[in-house]
Every structure is written in structure tokens, then in C-alpha cells.
Amino acid sequence: MDSDRPHGYHQTRFWTAYDRLAELADRKVGWHRLPTPFGLLTLIGLRDVLRKHNLYDTTALPAVDLPPIDPPSPHASTARTLDGSYNDLDSPRMGMAGSRFGRNVPIKETRPDPHMLEPSPREISRALLTRTELIPATSVNALVAAWLQFMIRDWFSHGKGPQENPWVIPLTGDDPWPASARPMRVMRTRPDPTAPPGGPDRPPTYANTETHWWDASQIYGTTPEYQRWIRTGPDGTLDPDGKLRVDADGLPPLPDDPDQDPRRTPGFWVGLLMLQTLFTLEHNAICERLRVEYPGWSGDEIFDRARLVNAALIAKIHTVEWTPAVISHPTTKVAMRANWWGLAGERLYRMFGRLSGSEVISGIPGSATQHYGVPYALTEEFVAVYRMHPLVPDDYDLRAAADDRPLLATTLRDLAGPGGVDVARTLGIADLMYSFGTQHPGLVTLNNFPRFLQEFQRPDGNLQDLAATDILRSRELGVPRYNEFRRLLHLPPAADFEDLTGDRQTAQLIKKVYNGEIEQVDLTVGMYAERRPAGFAFSDTAFRIFVLMASRRLNSDRFFTTAFTPAIYTQAGMDWINDNTMATVLLRHYPQLRHALGPVPNAFLPWVRPARPTA
């Protein structure tokens with residue numbers, strides 16, 4: 001198999017012509033400038049083009065020391081496995097933890113950038129990314145930032161990089177970087193453990209330590225030891241109803257082992273803890289419902305079905321609530337709901353079930369499994385466009401849900417690591433949810449990177465500028481720079497700096513940093529700088545990867561396609577998925593939020609703050 005060619009699916013002449021027409025409409029007008037029905041028709045064609053030309057398989061390249069895989073068992077046919085194996089019963093390694101990231105651009109284009117430190121990632125961070133004050137995304141609330149990181153913890157991680165031979169970034173004399181941490185060092189990405197030593201001269205590949213599936217592994221883990229621990233009560237036995245452990249403080253348990261303790265993991269903060277807690281409680285509520293329906297089932301059986309239901313509900317919330325909130329364009333609102341319910345809509349689905357096998361008419365869940373000729377994997381380009389740290393605010397005004405009373409003015413620095421757990425224990429999750437729901441996140445744009453993350457002290461004591469690291473990481477992983485990335489996604493490149501931004505002052509600043517070379521603009525900078533469609537909190541370039549990969553995460557997953565049935569999920573489980581939203585989940589566990597959340601149509605939009613009495 002030639003791994004550097006997409007192995008797309010065959011189409012009729014009609015669909016080939018349709019796709020060409022969609023590309024033409026997008027180039028001449030832009031999908032987001034068309035009336036909604038025509039915008040939808042255009043997006044369908046654009047997705048088809050991306051499926052045919054932008055899926056590349058890295059697993060066909062030579063490999064050694066593949067992750068071990070257990071023999072098949074009856075359990076794997078009806079439940080998600082811990083390591084993600086056997087989702088595809090004919091290709092059991094597909095998408096499992098330890099398997100390689102795929103690519104959305106030709107593999108020959110993915111060699112590490114030959115100009116790794118040019119321009120300096122640190123100087124790009126200082127000049128183009130530094131936040132002086134928050135540029136808010138006023139159409140949404142700060143839960144969108146916490147939610148995104150909660151999803152990323154499920155989807156991907158490159159693992160711990162080696163300590164030896166780091167990238168060394170020279171610093172200018174006026175750089176305020178602490179003298180004790182000079183020069184700036186950034187650990188390299190962990191090499192692919194399945195790549196043969198001394199292999200062929202080809203671009204490197206990298207492996208995902210998480211499963212590639214949308215399976216809520218950030219809650220349930222990927223090892224038997226971890227799963228046993230979260231299911232084991234204080235008496236040392238598994239809960240007979242399949243529930244997860246919740247400690248007396250209302251939070252999931254935190255391991256004593258420092259190697260397992262999430263508080264010592266880079267990136268842990270109170271936003272992650274809030275959502276980890278919420279969906280741990282939701283798992284337990286699902287278990288209670290299943291126990292009523294199936295009193296004779298074992299705790300393991302209830303646990304497995306509850307995990308399926310919880311993971312599907314999370315995927316549904318991301319598809320029909322989170323995404324339409326952060327890309328709040330009339331066309332994308334309809335398109336994302338159609339990914340789940342189809343263009344026929346939720347009402348007809350509830351009345352009659354699926355009207356068609358077509359994903360366009362009746363949605364992806366319950367349709368046929370489809371890999372589009374390429375084994376499923378998340379991609380390095382998907383990882384790159386999800387570098388959205390500007391969503392995270394630096395400052396937090398924490399208030400009481402009951403009466404909007406000020407509780408604590410604090411910062412991201414104080415809400416990260418162990419400090420985040422202390423705040424959660426002191427204030428409680430309900431007040432934190434209210435505080436995030438009534439605060440805006442940042443817009444994903446230039447000069448809006450969290451200050452704390454530009455001088456972030458990792459749990460191991462090393463100091464890191466995450467803005468500079470984001471730039472360096474895309475170069476290291478062979479993600480093309482902005483203009484070439486757009487060409488490879490069938491988009492026109494920026495002709496010059498003003499064409500990129502539409503703002504002369506910003507264009508001049510970027511031009512100065514990149515020495516007048518528009519082709520050298522990094523993907524992250526280009527995406528942050530470009531003009532966004534109406535209602536978008538991030539770029540149209542990033543959206544092209546979402547058009548492809550957001551659908552693919554559902555299309556390829558057996559548990560969202562052929563196994564998305566009452567026989568696997570139970571009818572009670574299917575009803576739970578259909579009937580619930582982020583708001584109902586929040587109100588089930590924190591009913592005191594009703595006055596703030598009840599009037600809001602989407603829990604990721606700004607919540608209502610109660611009127612405070614005047615003096």
C-alpha cells in the first residue's frame with residue numbers, strides 16, 4: 001500500500017461534479033457568505049473533497065514493537081475496551097492507545113521544518129501572542145475553554161518527551177525570561193516507539209498514548225489498574241452497581257501515587273476537575289437508571305453500558321452544543337446538528353427514528369461504519385489546529401451561584417495544579433460552574449495568549465513558554481506553515497500580509513516578525529490572524545480540519561455507527577442520550593444553577609446573572 005496517497009472511496013460522476021461545484025462556490029463566494037441552504041450544500045461537497053484527498057495512513061509504514069493486544073473476547077463485541085482495541089473487529093489495532101497519528105496532508109510534506117528556530121518561536125510569542133488584556137469571545141462563556149481541554153485529554157497526547165537533547169531557543173538581551181532558566185529549553189516530542197531503528201529515510205511518525213476514539217478515556221482510563229482504582233470503594237470492593245468512586249468532598253478520588261496524580265500533570269487546572277467531576281456523577285446517575293431497568297445485571301455489565309452512554313452523551317454535547325456555540329454561524333449551527341440528527345432533524349428522528357441510511361438525511365449515529373479507505377486515526381494536523389490556548393482567561397471572578405456574591409478574585413496560576421483542587425474543595429463545584437458560566441473566555445486571536453502560560457512552571461520545575469512551544473511543536477511535527485497548509489487543504493494562500501489579516505497595523509507587525517516572508521508565517525499565527533466568518537471564535541482554516549475530522553470521529557467508530565442501537569446501549573441508554581443536554585446534566589447534579597442556566601438555550605452561552613439589590 002502506498003502510504004503517501006489517499007485511499008479514498010469511489011464516487012459517481014454526479015458526486016464528482018457536485019464536489020467540483022462546491023469547491024468553485026467556496027472559492028468564488030465563500031461557504032459562509034452563501035444563504036444557509038446553499039452554504040450547507042457547499043459544506044457537504046467540501047467535506048467530500050477532504051475525505052477523498054486529505055486522509056493519509058501512517059500505519060502502512062514499517063513498524064516494530066507494536067503495542068500488545070489481547071485475544072478477542074465476547075466482551076469486546078458489546079463494550080469499549082480499555083485500550084481502544086477491537087473497535088473495528090476486522091482491524092483490532094485501529095485507533096488503540098499507542099497507535100500512530102495519521103496525517104491530513106501528504107506524508108512527503110511532513111518532514112520537520114528545516115528552519116526550526118526561524119523566526120525565533122520566543123520572539124513570535126513576545127511580539128504576536130502576548131496578552132496585555134483579555135480580548136473576550138463575548139458570545140460564549142468560559143466553560144468552552146474547560147470543555148475543550150476536557151476533550152483533548154480524551155483524544156490525544158504525544159506522551160512525555162525525552163529529557164536529553166532538548167530544543168534550545170536563543171534569547172535576546174531584552175528578553176525578561178528568568179536568568180535561572182536561560183537559555184530556553186523545550187523537550188523534543190517523544191519518538192514513535194513503533195518506528196524501526198535506522199529505518200528508511202522518511203518523515204518521522206508519532207504515536208498517541210491515548211486511544212484515538214471518542215470513548216471518554218479521560219474519565220475511565222486506559223489501563224486495568226486505573227479503572228479498578230476508580231471503581232473501588234473504601235472497603236476495597238467494586239461497587240455492585242457499576243458506579244465510579246466519589247469522595248466525601250464530592251470530587252473524584254485523587255491518587256496518592258505522584259506518578260498517577262493528575263495534580264502533577266502539566267495542564268491540570270480547576271476547569272478539568274469541574275468537568276471530570278460532573279461526568280463522573282453523570283456516569284453514576286446512568287448506573288442508577290440501568291439498575292432499575294436491569295436488576296439482575298452484574299456491576300460490570302452496568303458499568304460497561306453506562307460508559308457507552310456517558311461517552312455518547314459527551315460526543316453529542318460537543319457536536320450539537322459546544323461546536324455551534326464557538327462557531328455560531330447560521331450555517332454551521334445547522335450543519336453540526338445535522339452531523340448528529342441529519343438534515344431531517346431531531347423532531348422527525350424522535351418520531352420515526354432514522355428515515356434513511358444516509359448520514360446527510362438522518363445523521364451519522366446509527367449509519368454504516370465508514371473509514372473512507374484509510375484506517376482511522378486522529379491526525380497531527382487535527383492536534384495542531386486544536387492549539388487554542390487563547391480561550392483560557394488569566395483572571396477569574398468567582399461568585400456564589402445563589403446571589404452572585406463575590407467569593408474570590410483569583411488567577412489561572414492559582415487555579416492550576418494542587419491549588420485548583422483546594423479552590424474546588426473550598427467553594428464547591430456549583431459555584432465554580434456558575435462563575436465560569438457567567439464569564440467570557442478569550443477569542444482565539446493574536447495577542448491573546450494567557451500570560452500565565454507564557455511563563456508556565458511545569459510540575460517538574462521546568463519553566464516553559466507554551467506560546468513559543470506551540471509554534472515550535474508544529475514545526476517539529478512537520479505541520480506545514482500557514483500558506484502551504486491552506487494550499488494542501490484546497491484553499492487559496494494569503495497573497496501578502498494585508499491579505500492575511502485585513503488590518504494594516506497588524507499586517508505590518510507580522511511582516512516585521514517574519515522579515516517580509518509571507519510563506520514563513522506559521523500555521524498558528526496565520527490562523528489567529530486571519531479574518532473569521534461571522535460568529536466564529538476561531539479560524540476558517542482550522543474549521544476545514546473540523547469539517548473532515550469531526551465527522552470522521554463518528555463515522556469510523558462502531559459504537560457510533562452500526563453498534564449505536566438499543567441492543568448494545570439498551571433502550572434506556574438510547575433515551576438517556578437523546579433526552580439530555582449539557583444543561584440537564586448540570587441541573588441534575590447542581591440544581592441550584594437553575595435560575596442562571598434555565599433561560600439559556602445552550603449551556604455554553606453566557607448564563608443569566610441574578611439582579612443584585614441596589615443600596
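This is a predicted model: local features need pLDDT of at least 70, side-chain atom pairs count only at pLDDT 80 or more; totals for chains, interfaces and linings use all residues.
Trainee: Are Trp 31 and Phe 536 buried or exposed?
Mentor: Residues are numbered from 1 along each chain as its sequence is written, and side-chain values use heavy atoms, with hydrogens and water left out. A residue under 20% relative accessible area is called buried, over 50% exposed, and in between partly exposed (1.4 Å probe, protein chains only). By that rule, Trp 31 and Phe 536 are both buried.

Trainee: How many aromatic pairs does a search of the whole structure find?
Mentor: Rings of Phe, Tyr and Trp (its six-membered ring) pair if their centres lie within 6.5 Å; planes under 30 degrees apart are stacked, over 60 edge-to-face, the rest tilted. Searching the whole structure gives 31.

Trainee: What kind of aromatic pair do Trp 31 and Phe 536 form?
Mentor: Their centres are 5.8 Å apart. The planes make an angle of 50°, and the pair is tilted.

Trainee: Why is the pair of Tyr 396 and Phe 436 called stacked, and at what angle are the planes?
Mentor: Tyr 396 counts as buried at 2% relative accessibility, and Phe 436 does at 1%. The ring centres are 5.4 Å apart, and the pair is stacked because the planes are at 25°.

Trainee: Which residue lies over the face of Trp 167?
Mentor: A charge sits over a ring if NZ of Lys or CZ of Arg is within 6 Å of the ring centre and within 35 degrees of the ring normal. At 3.6 Å from the ring centre of Trp 167 lies Arg 188.
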